Amino acid sequence: MTFNALVVKKDEDSGKTSAAVAQISESDLPDGDVTVAVEYSTVNYKDGLCIGPGGGLVRKYPHVPGIDFAGTVETSSDERYKPGDKVVLTGWRVGEAHWGGYAQKARARADWLVPLPGGLDTRRAMAVGTAGFTAMLAIMALEDHGLKPGSAPVLVTGAAGGVGSVAIATLAQLGYEVAAVTGRPETGDYLKDLGASQIVAREDLTEVTRKPLEAEQWSGCIDAVAGAMLGRVLKQMHYGSSVAAIGLAGGAAIEGALITPFILRGVNLLGIDSVMQPYARRLEAWKRVAQDLPMEKLEAMVQPATLSDLPDLGRDILKGQVKGRIVVDVNA
Ligand code: NDP
């Protein structure tokens with residue numbers, strides 16, 4: 001029995017890669033304890049890299065990308081899962097070093113899966129996906145470091161992107177005041193509908209200044225951008241507050257007078273990695289997603305897609321042109 005998958009191949013002579021929907025069979029799938037009938041996957045920045053030339057993430061071709069998926073267990077040699085269970089997977093280099101969710105079936109290690117919490121179906125789990133799961137990990141890290149509603153605004157950078165959109169909706173639902181930084185002014189209404197009370201233009205935060213500190217403005221920050229923006233934001237953080245750094249859409253270097261926010265304002269820079277989270281933290285984060293994320297706002301950020309849309313969408317997300325979350329129905 002064959003089924004559909006988005007397969008990325010590499011031409012050994014030219015070194016060029018190409019992605020297209022193809023038929024594969026269960027015997028092609030990698031080793032693992034659990035075979036899942038995939039229902040939905042999503043498009044994240046890393047998927048854009050893996051659909052294209054790989055960016056150093058793909059270990060072996062041919063490759064099936066898709067860094068997250070949700071579906072129903074078909075077979076399991078691990079006693080924690082039985083056929084019919086609904087599961088979700090993010091991280092563990094699935095879709096990079098291991099074949100991922102852009103197929104109607106996937107096989108993975110039981111340790112990498114999480115049972116779907118009550119309140120989420122497989123489609124909603126993927127509307128959240130790796131981006132939303134990371135947004136929740138960032139919120140949990142900020143709360144662990146003392147963030148509470150009722151203080152100055154929480155800044156969210158890369159606001160119209162996947163992580164930013166889910167972060168804004170969840171923070172607003174939890175009672176935080178949210179300021180959203182975007183380079184796309186036309187997304188202002190969308191960001192306000194998600195719950196942002198203030199829109200900050202990207203260019204207001206990307207100029208590198210020589211000032212060691214600026215006026216305190218933000219009680220917390222979820223930063224998807226890094227680069228010059230993170231250098232500026234650190235100088236505007238309230239005394240003792242934290243920045244959860246999740247991504248580097250704006251560049252890997254942090255620029256500016258960097259040490260002052262740490263030694264004169266006790267600012268914390270918290271690195272968030274969604275890939276290697278231990279099981280208990282993953283379970284807690286998914287339960288919080290089911291509990292805290294307003295589902296009607298989640299629906300407003302979703303753009304549906306099929307396997308054959310993925311080559312184009314992979315290019316779009318690398319150009320920063322995707323708004324909200326793309327949910328891939330692998331059976332459509
Ligand atoms: P998206 O592409 O959906 O969003 C990124 C957003 O960043 C864009 O929508 C844009 O927002 C902004 N942006 C893009 N380019 C620039 C630029 N040059 N300068 C400033 N801002 C820019 O990606 P995701 O939200 O899915 O992921 C964001 C980042 O987080 C990526 O780097 C990704 O690899 C990383 N990531 C990390 C994870 C982890 O575990 N730490 C997990 C998931 C993602 P706007 O148009 O509003 O300005």
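The side chain of Thr209 reaches the backbone nitrogen of Lys211 at 3.5 Å, a polar contact in the sense of a pair of N or O atoms within 3.5 Å, where, within protein, one atom must be able to donate a hydrogen and the other to accept it, and residues adjacent in sequence count only if both atoms are side-chain atoms. The model is a predicted one, in which local features need pLDDT of at least 70 and side-chain atom pairs count only at pLDDT 80 or more, whereas totals for chains, interfaces and linings use all residues. Residues are numbered from 1 along each chain as its sequence is written, and side-chain values use heavy atoms, with hydrogens and water left out. Thr209 is placed in the loop between strand 10 (198-201) and strand 11 (218-223); helices (H or I, at least four residues) and strands (E, at least two) are DSSP runs numbered from the N terminus. Thr209 counts as buried because its relative accessibility is 18%, the classes being buried under 20% relative accessible area, exposed over 50% and partly exposed in between, with a 1.4 Å probe and protein chains only.

An oxygen atom of the ligand lies 2.7 Å from a polar backbone atom of Gly183, and a nitrogen atom of the ligand lies 2.7 Å from a backbone N or O atom of Ile272. At Ser274, an N or O atom of the side chain is 2.7 Å from an oxygen atom of the ligand. On its own the ligand has 900 Å² of accessible area, and the protein covers 86% of it; such areas come from the Shrake-Rupley method with a 1.4 Å probe, and for residues only the protein chains shown count as cover.

A cavity is a set of points where a 1.4 Å probe fits but cannot get out, a pocket is an open set with protein on both sides within 12 Å along at least five of seven lines, and lining residues have an atom within 4 Å of a point. Grid points are joined across faces, edges and corners, and a volume is the space filled by probe spheres set on the points. One cavity of 30 Å³ or more is counted by this rule, and the largest cavity holds about 30 Å³ of space. Its lining includes Ile24, Val64, Gly100 and Ala103, and strand 6 (residues 105-108) provides the largest share, three residues. By class, the lining of the largest cavity comprises seven nonpolar, one polar and two charged residues.

The second largest pocket has a volume of about 230 Å³. Among the residues that line this pocket are Asp28, Arg59, Lys60, Tyr61, Pro62, His63 and Glu96, and the lining as a whole divides into six nonpolar, two polar and four charged residues. Tyr61 and Pro62 are joined by a cis peptide bond, with omega about -5°. Pro62 is located in the loop between helix 1 (45-51) and strand 4 (68-76).

Two residues other than glycine with positive phi were noted. Trp92, with phi near 60°, belongs to the loop between strand 5 and strand 6 and counts as partly exposed at 22% relative accessibility. Ala226, with phi near 55°, occupies the loop between strand 11 and helix 5 (227-235) and is classed as buried, since its relative accessibility is 8%.

Gly95 also lies in the loop between strand 5 (86-90) and strand 6, and its relative accessible area of 0% makes it buried. The C-alpha atoms of Gly95 and Ile67 are 4.3 Å apart, although 28 residues separate them along the chain. In helix 2 (residues 122-144), Ala125 is buried at 0% relative accessibility. A distance of 9.9 Å separates the C-alpha atoms of Ala125 and Asp68, which are 57 residues apart along the chain.

Terms used: Nonpolar A, V, L, I, M, F, W, Y, C, P; charged D, E, K, R; others polar.
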